[in-house]
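This report is written for a reader meeting the structure shown below for the first time. Please keep the sequence and the model in view while reading.

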Amino acid sequence: MTHPDKKRLRRSMMFLNCQKPGLIKDPYIYGADSIMLDLEDAVAENQKDAARYSLFHALREIDYHGVERVVRINGLDTPHWREDIRVCVAGGADTIRIAKTERAQDVRVVEEAVTAAEEEFGVPVGRTLLMAAIESTRGVLNALEICESSERLFGIALSGGDYTKDLQTVISGTGVELAGARQHMIIAARAAGVQCFDTVFTNLDDMEGFEREVRMIKMMGFDGKSLVNPRQIEIVHQIFTPTRKEIIFAEKVVREIDEKKAQGIGVFTVDGKMIDIAFYDGAMRTLRLAKASGVYEGDL
């Protein structure tokens with residue numbers, strides 16, 4: 001049985017440092033679809049235990065008002081990840097994000113540890129979802145096998161900073177250095193039927209550049225973007241939420257295809273555009289996205 005939250009709306013996923021209780025006590029007020037509670041890079045090496053303590057109590061005691069709680073655990077090459085998983089599962093995290101994923105086996109190793117923790121703490125087996133952060137050239141090349149590695153895995157995410165270091169270049173702001181990874185990952189995700197998320201944009205003084213990048217990755221097919229600041233949420237939601245014009249057109253496409261199919265007509269026009277049955281899935285996806293975003297009340 002498919003987990004009910006695997007396909008949930010995830011336009012925005014905002015990073016928060018578990019080392020700072022003030023940041024994780026009420027981030028739901030910003031309106032992100034998901035929050036990323038970070039135990040990895042944002043937490044100093046000698047503060048890992050303190051961060052886990054804060055995380056556990058936040059997960060158990062704070063009402064996040066339906067916002068998905070994703071926890072980024074430390075990498076499998078560290079001594080921290082097993083205890084990270086136990087705390088995530090015991091606390092009731094919705095999803096665990098696997099750092100530095102390079103192969104399907106990385107996901108399977110984490111999955112085994114998650115299952116063991118669910119059994120240990122009396123959590124229904126299968127409740128905790130997984131996502132994989134791809135941060136290296138090897139990870140990008142293995143994207144499809146990673147996407148197909150586990151029924152718990154709902155998606156993959158690009159980590160541009162580490163990836164460009166591995167590529168022996170830098171983030172330029174043009175997107176050219178990330179183009180190949182982005183395209184390869186979205187193709188792999190769609191082939192496997194999982195979601196795909198873009199990397200963070202860290203220059204908060206360049207909101208116009210951020211908006212251009214969000215429009216670009218939306219056009220490429222991404223489901224959402226990782227964020228570092230609440231100021232970025234509104235822009236992402238505006239771009240990823242279908243407009244009224246797009247909703248009306250999608251409704252027309254669905255209605256016309258349903259009617260014409262019954263009449264044995266395969267090709268026709270809607271608002272002057274040639275349409276056939278291949279447009280049906282895209283129109284339905286627009287309506288489902290609009291409904292999940294709260295801007296469409298029609299029946300699906």
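## An opening question

Is Tyr-28 buried, partly exposed or exposed? With a relative accessible area of 26%, Tyr-28 is partly exposed, where buried means under 20% relative accessible area, exposed means over 50%, and partly exposed lies in between, with a 1.4 Å probe and protein chains only.

## Basis of the model

This is a predicted model, in which local features need pLDDT of at least 70 and side-chain atom pairs count only at pLDDT 80 or more, while totals for chains, interfaces and linings use all residues. Residues are numbered from 1 along each chain as its sequence is written, and side-chain values use heavy atoms, with hydrogens and water left out.

## Domains and annotation

The domain assignment of the protein gives domain 1 as 12-240 and domain 2 as 244-293, with bounds that come from an automatic or database domain assignment. Between the C-alpha centres of domain 1 and domain 2 there is a distance of 33 Å.

According to UniProt, in an unreviewed entry, residues 11-230 carry the annotation "domain: HpcH/HpaI aldolase/citrate lyase"; UniProt positions are given in the numbering used here, feature names are shortened, and annotations may be inferred rather than shown by experiment. Over residues 11-230 the chain is 42% helix and 18% strand, and the end C-alpha atoms are 13 Å apart. Helices (H or I, at least four residues) and strands (E, at least two) are DSSP runs, numbered from the N terminus.

## Aromatic rings and charges over them

A search of the whole structure finds three aromatic pairs, a term for rings of Phe, Tyr and Trp (its six-membered ring) whose centres lie within 6.5 Å, with planes under 30 degrees apart counted as stacked, over 60 as edge-to-face and the rest as tilted. While Tyr-28 is partly exposed, Tyr-64 is buried, with a relative accessible area of 3%.

Two rings also have a charge over them, which is counted if NZ of Lys or CZ of Arg is within 6 Å of the ring centre and within 35 degrees of the ring normal. Arg-10 lies over the face of Phe-154, at 3.5 Å from the ring centre, and Lys-273 lies over the face of Phe-249, at 4.9 Å from the ring centre.

## The annotated binding site

The unreviewed UniProt entry places the feature "binding site" at Arg-72 and Glu-135. These positions span 64 residues in sequence, yet no two of their C-alpha atoms are more than 13.3 Å apart, so they gather at one spot. Arg-72 is in strand E3 and is buried, with a relative accessible area of 8%. Not counting residues up to four places away in sequence, Arg-72 touches several residues, among them Phe-15, Met-36, Asp-38, Glu-40 and Arg-97, where contact means heavy atoms within 4.5 Å.

Glu-135 lies in the loop between strand E5 (129-134) and helix H5 (137-141) and is buried as well, at a relative accessible area of 5%. Apart from neighbours within four places in sequence, Glu-135 is in contact with Ala-99, Lys-100, Ser-159, Asp-162 and Tyr-163, and the side chain of Glu-135 reaches the backbone nitrogen of Lys-100 at 2.8 Å. Ser-159, in the loop between strand E6 (153-158) and helix H7 (160-167), counts as buried at 12% relative accessibility.

## Buried residues elsewhere

Ile-217 lies in helix H9 (residues 207-220) and is buried, with a relative accessible area of 0%. The C-alpha atoms of Ile-217 and Arg-182 are separated by 8.3 Å, although these residues are 35 residues apart along the chain.

Ile-275, in strand E10 (residues 273-276), counts as buried at 2% relative accessibility. Leaving out residues up to four places away in sequence, Ile-275 touches residues including Phe-249, Val-253, Ile-257 and Phe-268.

Key
A polar contact is a pair of N or O atoms within 3.5 Å; within protein, one must be able to donate a hydrogen and the other to accept it, and residues adjacent in sequence count only if both atoms are side-chain atoms.
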